Structure formats: structure tokens, C-alpha cells
Amino acid sequence: MDTLSSLADGFAIALTWQNILLALLGCFLGTIMGALPGLGPSNGVAILIPLAFTLGLGPTASLILLTSVYYGAMYGGRISSILLNIPGDEPAMMTCLDGYPMAQKGMAGQALSLSGLASFVGAFFATWGLIFLAPQLVKIALLFGPAEYFALFALAFMTLGGVSSTNQAKSAFAAALGLGLAMIGVDTQTGVPRFTFGEVHLYDGIDFLVAIVGLFALSEVFIFLENRHGEASADAAKIKVGRLTPPMSMIKQTTPTMIRSTILGFLAGVLPGAGASLGSFIAYSFEKRLVDPEGKTFGKGDPRGVAAPEAGNNAAAGGALVPMLALGVPGSGTTAVLLAVLLSLNITPGPLLFSQNPDVVWGLIAALFIANFMLLALNIPMVGIFTRVLMVPPRILMPVVAMVSFVGIYGISGSSFDLMVMVGFGLMGWVLRKLDVPLVPIILGTLLGNAMENNLRRAITIDNGNWWTLIDSPLAIGLWTIAIIGFVIPLIVGRRVKAQMHARRDEEGSLSD
Amino acid sequence: MTDRIFGVVGLLLAIGFALAALTIQESFLSDAVGPKAFPLIIATILGLSSAVIALRPDESPQWPALGLLVEVFAAAVVMVMYAQFLPVAGFIIATFFASAYLTWRLGSGLVGSLMTGVGTSLGIYIVFHLVLGLSLARGPLGF
């Protein structure tokens, strides 16, 4: 009951005109960003963070805007999957498998509205899951001391690689690179400068927003330049939507699918290191194995094959918020970016967030519900408008993306130095993506590096310089065990699963969920 | 082959990082761990993973032809110049040139590039500066 009254308070916070308008704007922008190939949820949120920040929005308002973008992008990714067989972002990859065949049969409108409905079901119930699971996790997290937190951070890095890359060495490299970047600047505990090479601009450290926008948004611009891909992937002739409402029988047929996929997707989202991509993959494969083991209808335009991955990826998007809010350790790329939002607003997520900033947490959760209904309302009748977005050619879109990124970063610091660092990160992101090095661990490293080091040093200082204190409590040992298992398992089975997931990967698919 | 080079570069980076960590000045008031230990741990992980990458390389990616590589670096140079000229020339002028260049390289025609440049720079100026009140770089002309 306690939870429900907190939720009611949350609605009281979220239901102001300003916040509702922000949620609506976020949903709209998010859907567009999700729909456009090359601009996934991570990029979308990354570009908007500095803007929300420089516009002087409060913590709750910024979070409402940006999580609406996050949810909206999860909805939007399916549009180009279904109409063009090009996933708008990585989690929407699986939707191509049955969505595009449905569109070819002239049922594009039905596929779009059915997937909109499935997205709604997934996200709606996952938000309820978040409400009930997060406070339980907080209770466990309150038992954590510095040593356990250090182990938890290590766990986040070690498990993240399993899903985000085919090569564990490369994800370890990425994590170390990110942590190393976080070390630049004045050491918070002793006040000595580290890795600054006498450059005054570096004394404050590298702003993680600069790193995020450079790695995600600018590297995308370079990818498009390299491929000389300037023409729109759609023209008016290709987009035929047709009847918009799915028949009742189709909804009835897919209801059990949606429920099963929501549960699976949510669980996949909560797991550290997994994200929406894994959620949609698991939901689709499980559904296929269950209802169509011989492969008669799946892959040929089965509505259940559209409902399953969409419910799965939206449920996973909700699930991924659980560890991010309760522990302060994000489980996926986009939640890492959302963590950056919180940190730049001077809010430290984690167990104390629920007791110290209940207005932020519950306002955010209420906003998720509001965003969900808005997205359902926006997506089913207005899907025609969003399909028009696909006709914007990247040669116009990409310069706009680049310039908006510059505007946002310049707005924060007003320094040309930061802009040049951002270009550097953009080039680095481009090279690393070529080398198949995942970018998410780098972001996570720059975000969590200092907190991780502080916990390490605090734990050891408390125990008078005894390093064994790190594996002294059962809780810490448990976390380390999970971390090691999470690192080793992908070495054995990971390549196979990833190969399946990426079998249909499109060059233009976004880099992460 | 790409991964072997990448691994060696990573290894050099790790060694450089470790050396830089060793030169960090210890403060006379330090905690039990000090400012060097964690960077050294990171350097170790960086070095080990680079070594593994070099010893067990993946297949090489498709590198673009030289012309396209030049294309990417030229765009980066334009962006760096944009960063330099932004405070000097002001937002509208600098953004016009940068976005016109990018859209031209992505395949717009001459007129299209100029139009996109003007549209992007004025559009962002109107939305972010006039409507939302974000402060953008001011040039000598006041915009």
C-alpha cells in the first residue's frame, strides 16, 4: 500500500502542464528518433541531455523529457523495420523478421498498430514490475558497504561485455579505456592532478556528456560519410500503410504472446548487462519455439512474430530501469545514458535515491505511465505522420544532428576545447566501431570510474590497507562469483547467440539499445 | 591483421598509461591506497585485453578506400575548425559553413547544400535561441 501512495504522490508531481507537455514532446521526438535509421534511443537521449541541462529544466522535468524520449524511441524503432526491413535501432531487429513480410502482404498498417499495442503492453506491465521490484532491490542494496559496491561495479562491467560484443577481450578493453578516461583530472581524495599533462582544461576531468555525445552522435555522422549514404531509404511509393486497426481475432490470437514476451523481456532487462536487444531476441525465439517449432508461419508474416519482439523489447526497456534506479548501475547502453542525466543533475542513483529524492523517483515512474498512454495514443492514429519521417534523407538529417550536438555541448561549457575533445571522441567512436569494440562499456567506465575508485579506496582505508577486505563478506563473494560467471559464460556460448542476433544486423542499425 | 595492429597499439597505450600513473605525485597526506593503485589496475586490464586481441584477432573489418578515409578525416577537420571559429565568427555564420559542407559531402547538390546550410543554421538559431533562450556563440555581428 505504501508503494501505491508513493505512486499517487508521483502522479501529483508529474501531472503539471509543463511536465505533461514535456512528456508529449519527448514521446514525439523519441518516436521520430527511433524511427530514423542511425538515431537510436542512446543517440537520441545523448543529444538531448545537454539541451535539457542548458535549458535549466529541473531534475524531475529533465528526467520526464528524457525518459519519454527513451520509451518513445523504443516504440519508434519498429516503424522502419516493418515498412522498409531496416531496423531503426538494434532492439527492432527482430521485428523485421515478421513485420516486413506482413507489410509485403499489404498488412503494414495492421502490423504497425499491432506492434504499437504490443509495445504498450510490454512497457505498461514492465513499469508495474519496476514499481514492485525496485524497492525490494533497494532493501538488499542498503546492506552494501564500499567493498560490495566495488564488486557490484566490477559485476556491471564484466557482464556488460557478454551481450554487447562478440569478443570479451574487446569489451574488457572498452571498459578499461572508459575507466582510464575517468581517471583524468584532479584526484578527489588527495588533490593531486592525474594524466592532465599540464593542460588546465583537463583538471576538471573529461565531461562525460562530451564523451557520450561524441561517441554516439558524431561517430554516426562519420559512419554515414564513410558510406556516402545520403539518400533517404524510403520514397513515397514504398510507404503504403493500408488498414490501420488490427482485427479483433488478431488481437485475441496475440494476447498470450504479448503476456509471455512481456515477462521474458522484463527479466532480460533486469539482468545486468542485458538490454532491450536481448529482450526482443529472447521473446522472439521463445515464442517461435513454443507456437511454431517447425517454422511454418514465423518469418513469413505471422502477427505473433511481430507482437513478441515488440512486447519483449519494451518490457526490457522498463526492466533495465530497475538496476539503474535501485543500484545506480545501469544494465544497458541507454540506461547508461540516463544515468549520465542523473549524474549531471547532481543526483546519485542508488538505494538512497528512494529515500532522499522520492519526488524524482516516483515522479519519473508516474511519467513513464503517462508517456505510455501518450505513445499509444500517438502511435496508432498518427503512425502515418511518423512514416513520412522516413523520407527525410540523411544528407540533410546528419548535419542537423552534428550541429545540434555542438550546440548542446557548447551551451554547457561555452568552451571550444570541449568541442574539439568531442570531435576527438567522434573519430575514436568511428574507429572503435569499425574494430567492433563496444562503446557502451566506455561510457559506463567514464560514468562510474570515479565512484568505483572511491569505493575501492574507502573499503581498503576502512580496513587499514588490507586488500583482502574486498572479498571478506558473503555478499561481496556472491557478487564476485556472479561477475566471474557472467564473464565466462559468454566465452562459451556467447558467440553463437550473438551470431544469431547479428545475422540480420544492418549496417545502419544503431550501435546499442 | 587489423586486430593485431589494434592490439599492439592498445598495449602501447597501456604501457603509456602505466608510466603516466607512476609519475603521479604522491601527496604527503594520502589514504592507504593512494592515487596510483587504481590506474595501475586499469593499465593491467588494458594491457591484458590488448594482448589477447593481438594474439587472437577477429576477422578484419572492411576498411573504406583511401578516398573515403580522407572524407572522414576532412569532416573531422571541418568540425575542429568549426569549434575554433565558432566564438570568432558567431553561431549563424560558422554553422552555415559547417552544415553546408557536411550535406555537400553526403551528396547534396550546390543549391541544396546552400539551402540546407541556411536552413540548419537559421532553424537551430530560431528554435534554440529565440524560442528556448539558449545562449549560442555570438560573433562580431551580434549573432
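Two residues are in contact if their C-beta atoms, placed from the backbone, lie within 7 Å. By that rule, residues 24 or more positions apart account for 82% of the contacts in chain A with a separation of 6 or more. In chain B the share is 60%. The model is predicted: local features need pLDDT of at least 70, side-chain atom pairs count only at pLDDT 80 or more, and totals for chains, interfaces and linings use all residues. Residues are numbered from 1 along each chain as its sequence is written, while chains are lettered from A and ligands numbered from 1 in the order in which they are written.

**Chain A**

- Chain A has 21 helices and two strands. Helices (H or I, at least four residues) and strands (E, at least two) are DSSP runs, numbered from the N terminus.
- The radius of gyration of chain A is 22 Å, close to the 24 Å that the globule rule gives for 513 residues, so chain A is as compact as a globular protein of that length. This radius is taken over C-alpha atoms, and the globule rule is 2.2 Å times the number of residues to the power 0.38.
- The C-alpha trace of chain A spans about 70 × 50 × 50 Å along its principal axes.
- Of its 513 residues, 64% count as buried. A residue is buried if 20 or more other C-beta atoms lie within 10 Å of its own, exposed if 12 or fewer, and partly exposed in between; C-beta atoms are placed from the backbone.

**Chain B**

- Chain B has five helices and zero strands. Along the sequence the pattern reads α-α-α-α-α.
- Its radius of gyration is 23 Å, well over the 15 Å that the globule rule gives for 143 residues, so chain B is more spread out than a compact globule.
- The C-alpha trace of chain B spans about 55 × 50 × 25 Å along its principal axes.
- Of the 143 residues of chain B, 33% count as buried.
- Chain B is divided into domain 1 (2-55) and domain 2 (66-131). These bounds come from an automatic or database domain assignment.
- The centres of domain 1 and domain 2 of chain B, taken over C-alpha atoms, are separated by 38 Å.

**Interface**

- On the chain B side, 56 residues are in contact with 55 residues of chain A.
- Five helices of chain B each supply at least two residues of the side that touches chain A: α1 (2-22), α2 (37-55), α3 (66-89), α4 (91-105) and α5 (110-131).
- The largest share of that side, 12 residues, comes from α3(B).
- By class, the side of chain B that touches chain A has 36 nonpolar, 16 polar and four charged residues. Ala, Val, Leu, Ile, Met, Phe, Trp, Tyr, Cys and Pro count as nonpolar, Asp, Glu, Lys and Arg as charged, and the others, Gly among them, as polar.

**Largest nonpolar core**

- A nonpolar core is a set of buried Ala, Val, Leu, Ile, Met, Phe, Trp, Tyr and Cys residues joined through C-beta atoms within 7 Å.
- The largest such core has 219 residues; Leu66(A), Leu152(A), Ile212(A), Val213(A), Ala340(A) and Ile443(A) touch the most other members.
- Helix α6 (residues 108-141) of chain A gives the most to this core, with 16 residues.
- Domain 1 (2-55) and domain 2 (66-131) of chain B both give residues to this core, so the core lies between them.
- Not counting residues up to four places away in sequence, Ile212(A) touches Ala46(A), Val337(A), Ala340(A) and Ile443(A).

**Local features**

- Asn346(A) has a positive phi of about 65 degrees although it is not a glycine. Its place is in the loop between α14 (333-344) and α15 (351-356) of chain A. Asn346(A) is exposed, with 7 other C-beta atoms within 10 Å.
- Asn464(A), also not a glycine, has a positive phi of about 55 degrees. The loop between α20 (440-462) and α21 (474-501) of chain A holds Asn464(A). With 8 other C-beta atoms within 10 Å, Asn464(A) is exposed.
- Pro135(A) lies in helix α6 of chain A. Pro135(A) is partly exposed, with 17 other C-beta atoms within 10 Å.
- Leaving aside neighbours within four places in sequence, Pro135(A) is in contact with Thr3(A) and Phe354(A).
- Pro135(A) and Pro351(A) are 216 residues apart in sequence and 8.4 Å apart in space, C-alpha to C-alpha.

**Confidence**

- Chain A averages a pLDDT of 83, and 91% of the residues score at least 70. pLDDT is the predictor's confidence in each residue, from 0 to 100.
- Over residues 504-513 of chain A, pLDDT stays under 50; the model has 37 contacts beyond four places in sequence for this stretch.
- Where pLDDT is low, the predicted coordinates should not be read in detail.
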